[in-house]
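I opened this model to look up a few contacts, charge pairs and surface features. My entries follow in the order I made them.

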Amino acid sequence: MFHKHLFQWSIPAILETISKSIVLAASILLLEKFEFGIMTAAMLVFNYHVFISLGITDGLMIKLPGYFVKNRLEDIKKSLSISLIYIVPIIFILISIGLIAYFFYEKTLFLHVALIYGLATIPYQYYYHYLLLNRFTYSFEITQKARFLIVATRIFIQIPLLIKYGLLGVAYGELIVYSLASIYITFISKLRLKSYFDKETFKKLLLFGVPILAINLVGTLAATFEKLIASIFLDFQSIA
């Protein structure tokens, strides 16, 4: 089990992180300072969107292993389905507000890029929930393939888009990466999430998840605080 977890979960996860770091390094080299400043500020939209889940998804990472041990496969699928059905409509609403602001108030490059990263959170959530579904049912061959696809699309699609189209290329590349990953992992997964929502289960997940949210919120803010403050008070060139 150790070797299976190492080669089918840990190593693909490390490679996925490295591929993202390569894209970031290429962006530093190829983008103008103000463009990289815009990218840095816009990426906060992606980094912070996970808090919309109110800790439910984080709480499930603690609960799901227990469900698997007790052979409660349906509870795994139902819990993840509730989490996904809760978070995606909220993201749609927030993006709609952003689109209204963009088209009717201020068409800035920053808002354009931020909206692309915001759109990328939707396929990311589908990808992430199916990743958890297969991880906690020990279908590591599924998660391995999905993560290798992300590595490949970052190297062979996102970086060429960055080289050719600059800031918008890398932003749309992020949307493409997670769109392809979400479609692929949904297609190859042997298990399916359902269009299911239960208020009582949602309340239980919420009560369990909110304290975890508080801890993760502090950790994430501590790690990104300088970017957040810089994005509020400095111009984009200074952020870079």
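Entry one, a contact list. I looked up Thr57 and found that Thr57 touches Ser83, Tyr128, His129 and Leu132, leaving out residues up to four places away in sequence; contact here means heavy atoms within 4.5 Å. Thr57 sits in helix α3 (residues 56-69), helices being DSSP runs of H or I with at least four residues, numbered from the N terminus. Thr57 is buried at a relative accessible area of 5%; buried means under 20%, exposed over 50%, and partly exposed in between, with a 1.4 Å probe and protein chains only.

Entry two, the ground rules. I note that this is a predicted model, in which local features need pLDDT of at least 70 and side-chain atom pairs count only at pLDDT 80 or more, while totals for chains, interfaces and linings use all residues. Residues are numbered from 1 along each chain as its sequence is written, and side-chain values use heavy atoms, with hydrogens and water left out.

I took a salt bridge as a side-chain nitrogen of Lys or Arg within 4 Å of a carboxyl oxygen of Asp or Glu. The count by this rule is seven. Among them, Lys194 pairs with Glu74, with the closest N and O atoms 2.7 Å apart. Lys194 is in the loop between α7 (167-188) and α8 (199-233) and Glu74 is in helix α4 (residues 73-104), so this pair ties together parts 120 residues apart in sequence. Lys194 is partly exposed at 37%, and Glu74 is partly exposed at 34%.

I then looked up Lys190, which forms a salt bridge with Glu141 at 3.9 Å between the closest N and O atoms. Lys190 also lies in the loop between α7 and α8, and Glu141 in helix α6 (residues 140-165), so the pair ties together parts 49 residues apart in sequence. Lys190 is exposed at 70%, whereas Glu141 is partly exposed at 25%.

Glu174 bridges to Arg154, the closest N and O atoms being 2.9 Å apart. Glu174 is in helix α7 and Arg154 in helix α6, so the pair ties together parts 20 residues apart in sequence. Glu174 is buried at 5%, and Arg154 is buried at 1%. I also noted that bridges with shared partners join Glu74, Lys77 and Lys194 into one network.

Entry four, the surface. Which helix gives the most to the nonpolar patch? Helix α1 (residues 2-30) does, with four residues. The patch covers about 410 Å² and is made by Ile14, Leu15, Ile18, Ile22 and Phe148.

Technical notes. Patches are made of residues with over 30% relative accessible area and no salt bridge: like charges are joined within 9 Å, nonpolar side chains (Val, Leu, Ile, Met, Phe, Trp, Tyr) within 5 Å. Accessible areas come from the Shrake-Rupley method with a 1.4 Å probe; for residues, only the protein chains shown count as cover. Helices (H or I, at least four residues) and strands (E, at least two) are DSSP runs, numbered from the N terminus.
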